[in-house]
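Thanks for coming, everyone. I have one structure to walk through today. Please have a look at it first.

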Amino acid sequence: MYNPASKKAEEFINHEEITETLSYAEKNKRNVELIDAILEKARERKGLSHREAAVLLDCDIEEKNQEMFALAEQIKKDFYGNRIVLFAPLYLSNYCINGCTYCPYHLKNKHIARKKLTQADIEREVIALQDIGHKRLAIESGEDPKMNPIEYILESIETIYGIKHKNGAIRRVNVNIAATTVENYRKLRNAGIGTYILFQETYHKESYLQLHPSGPKHDYDYHTEAMDRAMEGGIDDVGLGVLFGLDKYRYEFTGLLMHAEHLEAVFGVGPHTISVPRLCPADDIDVADFSNALADDIFEKLVACIRISVPYTGMIVSTRESQKSRERVLHLGISQISGGSRTSVGGYSEPEPAYENSAQFDVSDTRSLDEVIHWLMEMEYIPSFCTACYREGRTGDRFMSLCKSGKILNCCHPNALMTLQEYLSDYASPETKELGEKLIAKELKRIPREKTREITEKNLELIAKGEGRDFRF
Ligand code: SAM
């Protein structure tokens, strides 16, 4: 039954294959010879199969685990360097007709404040986001065909791209909306979206059906096959994820990798990103009702094992995680984070009064974007607002080949520095600006190609003088 190239959910995410994989991993979790062979393969940076990866995830030999962490860190450095891309979620509407038991947007929640942004509200939100320095958004919405039809989402995207306030611009809009039709995905592609993100929530079908008791999201197959439809609709970059805490992490990890293998088998390109959200407290949601909470040390290991298994896939961690928790995983493979996020509808332009709550979950990392940027640079990461790849048509397999060729030091690295300079010149606090300029001076020297270095230097000067913006390789 298991067939990664099949278009049927139950064949490419095959329950029997997952349970066999988990017992294979359990049996081999102390098999040093096998673990060494898997680590050797992982060192070639070509990725691992879900079976191999599951053995590493289960392994409880301290010394081998340390090797895994070191390898994850090395792979992250080789492919993504010390750059961390920044984005912010923008909640458009929390009207929803689904019954997801872990999400406060669920239809039966009568005390959450229901809100939907008008195009004028969106303009205010985007200006507020531009004014703190964001260039890349992920739009989020509940599923409600009447309140949030595709036309509303498309109109919102157009509004967002159209707003130019001072030096601000949103240059990439990623979209996280419910599973939809090939036709609608094509419309999203034509609207110029970056990545289409959809979390599987859980790959375990039985749990999925219980956790999504009503509404269109109840259809496990339709949801699981959504990425295929997105790619058929012409979207090259898709983002996977599960909501950790809903079911057993070993099952989810195997499912995630099988999903990546499936996309690779059918479309010749794996997911652009993998997100690793953990369940958070929220209005009407008590995390104590969910028994599969993921411990911090397992969370770290998951990130490391994903990094090793799919080296070319970006990894995202949001403000669901605290500063401390983000520090623990950044170096193990995370390439994108959100900062200064508001999960309430309209929360960037107007803080919500205490008696109203439209938020999707309680944010753990509540720092401002400037604080996040400062913190990243203190740890010697380069905060990047780069959106060049997709604007230069480097999506799907073209992005993957850039990543595989190792040419990113002549491309992503200078782009990161130039977009950081824009942030420093336009939005940073004096302390962040000072720290950032020192970092840029140091990092400039690491651009290998002389010509590229010269052009970057010239552009950095123009940005600092206010004479140019939006340079990119
Ligand atoms: N409605 C769309 C869908 O069905 O995919 C958009 C997704 S929603 C705005 C974004 C994600 O938030 C969900 O996919 C879910 O994984 C996550 N989420 C929901 N409730 C959450 C909670 N209590 N804690 C953390 N994340 C949550």
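Two ground rules. This is a predicted model, where local features need pLDDT of at least 70 and side-chain atom pairs count only at pLDDT 80 or more, while totals for chains, interfaces and linings use all residues. Residues are numbered from 1 along each chain as its sequence is written.

Domains. The protein chain is divided into domain 1 (81-249 + 276-293 + 319-390) and domain 2 (404-464). Those bounds come from an automatic or database domain assignment. The C-alpha centres of the two domains are 28 Å apart. Where do they meet? In contact there are 16 residues of domain 1 and 21 residues of domain 2. Contact means C-beta atoms, placed from the backbone, within 7 Å. On the domain 1 side, two elements give two or more residues: α15 (369-378) and β9 (382-384). α15 gives the most, four residues. Helices here are DSSP runs of H or I, at least four residues; strands are runs of E, at least two; both are numbered from the N terminus. By class, that side of domain 1 has eight nonpolar, five polar and three charged residues. Nonpolar is Ala, Val, Leu, Ile, Met, Phe, Trp, Tyr, Cys and Pro; charged is Asp, Glu, Lys and Arg; the others, Gly among them, are polar.

Now the core. The largest nonpolar core has 135 residues. Leu-56, Leu-137, Tyr-196, Val-303, Cys-305 and Ile-308 touch the most other members. This core lies between domain 1 and domain 2, because both give residues to it. For the term: a nonpolar core is a set of buried Ala, Val, Leu, Ile, Met, Phe, Trp, Tyr and Cys residues joined through C-beta atoms within 7 Å. Buried means 20 or more other C-beta atoms within 10 Å of a residue's own, exposed means 12 or fewer, and partly exposed is in between, with C-beta atoms placed from the backbone.

Take Ile-308. Setting aside residues up to four places away in sequence, Ile-308 touches Ala-42, Leu-48, Leu-56, Met-68, Leu-71, Ala-72 and Ile-75.

Leu-56 brings us to α4. Leu-56 is one of the buried residues of α4, along with His-50, Glu-52, Ala-53, Ala-54, Val-55, Leu-57 and Asp-58. Eight of the nine residues of α4 are buried, so this helix is largely enclosed by the rest of the structure. What covers them? The cover includes α2 (15-28), α3, α5 (62-80), α12 (249-267) and α13 (296-309).

Gly-241 lies in β5. Beyond its neighbours within four places in sequence, Gly-241 is in contact with Phe-199, Gln-200, Ile-274, Ser-275, Val-276 and Pro-277. Gly-241 is buried, with 22 other C-beta atoms within 10 Å.

The rest of β5 (residues 238-241) is buried too. Val-238 and Leu-240 point one way, Gly-239 and Gly-241 the other. β5 runs parallel to β4 (residues 196-197), joined by two bridges. With β6 (residues 273-275), β5 pairs in the parallel sense over three bridges. Pairing needs at least two DSSP bridges.

Most residues other than glycine have a negative phi. Arg-45 has a positive phi of about 60 degrees. Arg-45 sits in the loop between α3 (32-43) and α4 (50-58). With 16 C-beta neighbours inside 10 Å, Arg-45 counts as partly exposed. The other is Lys-166, with phi near 50 degrees. Lys-166 is in the loop between α7 (150-162) and β3 (172-176). Is Lys-166 buried or exposed? Exposed, with 10 other C-beta atoms within 10 Å.

That's the tour. Over to you.

Notes
Two residues are in contact if their C-beta atoms, placed from the backbone, lie within 7 Å.
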